[in-house]
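Look over the chain below.

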Amino acid sequence: LEEGDEVVRVRLAEVLGGWRMPQLLLQMWELQGDDAECVELLKTLLRAMVSGDPKARIDEIRYRDQRNKQHFDRLDTAVVAKWSAHDGSLPGTDDVEALMMMGEDTRTCMAVHPSNANTQKGMLGYLLQGNTRLLVAGAVRGEDGRARFTARAVARLLLRRDNGETVLFVDRSYFEGERDEEAEAELRAQAQALAEAVGVRLYRAQNTLPPPEALAALDPPKEGGMYPYPA
């Protein structure tokens, strides 16, 4: 990471000292060590985390990295201003530790584990893309006394290709164990509140596919034409 190893070690220890599972970033590095692109993204994240102001540096990447900026430049500017204000008023979080824990707490494919080496690459997108927020519910305290969540859903600020409308899309909910209706209701309420706070329509993931004509109307990108997010 260019700075002296000892400087980086000390700074990382300071930043990660309050994390529940500070080893996750290094375990991710080990899992993705053979993927040059993932390693570069991890270096980008780590450089930001050992900077003088980690939050500001990570936000710089999330909102003004050229690959992310391309996306935000296509969205409604008033919506983006509300989304990126960081005044504490929006439901959900984009905190790095919370995002890293999304797979650990709900035991999904985002957990940092060798069996998830491929799917877990998506974590880098969540960490480095500013259009993503994590909605969490069902907080409980573990044996260490620290809070963890038992349900989560990922919300993304996206552009409808058919009409250019900025919208909020929320993935399906995931739970630590069996489906928790109370926690799911809380996630749905957070999603609605988030959409209303930034002034966009809310769309949710469906368990069944829409009819082909509905999908065609959305003008999906052709194979290989997906937007090149930095992950």
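Q: Is Q27 buried, partly exposed or exposed?
A: In this predicted model, local features need pLDDT of at least 70, side-chain atom pairs count only at pLDDT 80 or more, and totals for chains, interfaces and linings use all residues. Residues are numbered from 1 along each chain as its sequence is written, and side-chain values use heavy atoms, without hydrogens and water. Buried means under 20% relative accessible area, exposed over 50%, partly exposed in between (1.4 Å probe, protein chains only). Q27 has 30% relative accessibility, so it is partly exposed.

Q: What distance separates the C-alpha atoms of Q27 and P114?
A: Along the chain, these residues are 87 apart.

Q: How are α4 and α5 oriented to each other?
A: Helix α4 spans residues 54-64 and helix α5 residues 66-73; their axes are 5 Å apart, at an angle of about 55°. Angles under 35 degrees count as roughly parallel, over 145 as roughly antiparallel, 65 to 115 as roughly perpendicular and the rest as oblique. The pair is therefore oblique.

Q: What share of the 231 residues is buried?
A: The chain has 11 helices and 7 strands. Its buried share is 42%.

Definitions and conventions:
Helix = DSSP H or I, 4+ residues; strand = E, 2+ residues; numbered from the N terminus. Axes fitted to C-alpha atoms, helices over the stretch in contact; angles between N-to-C directions.
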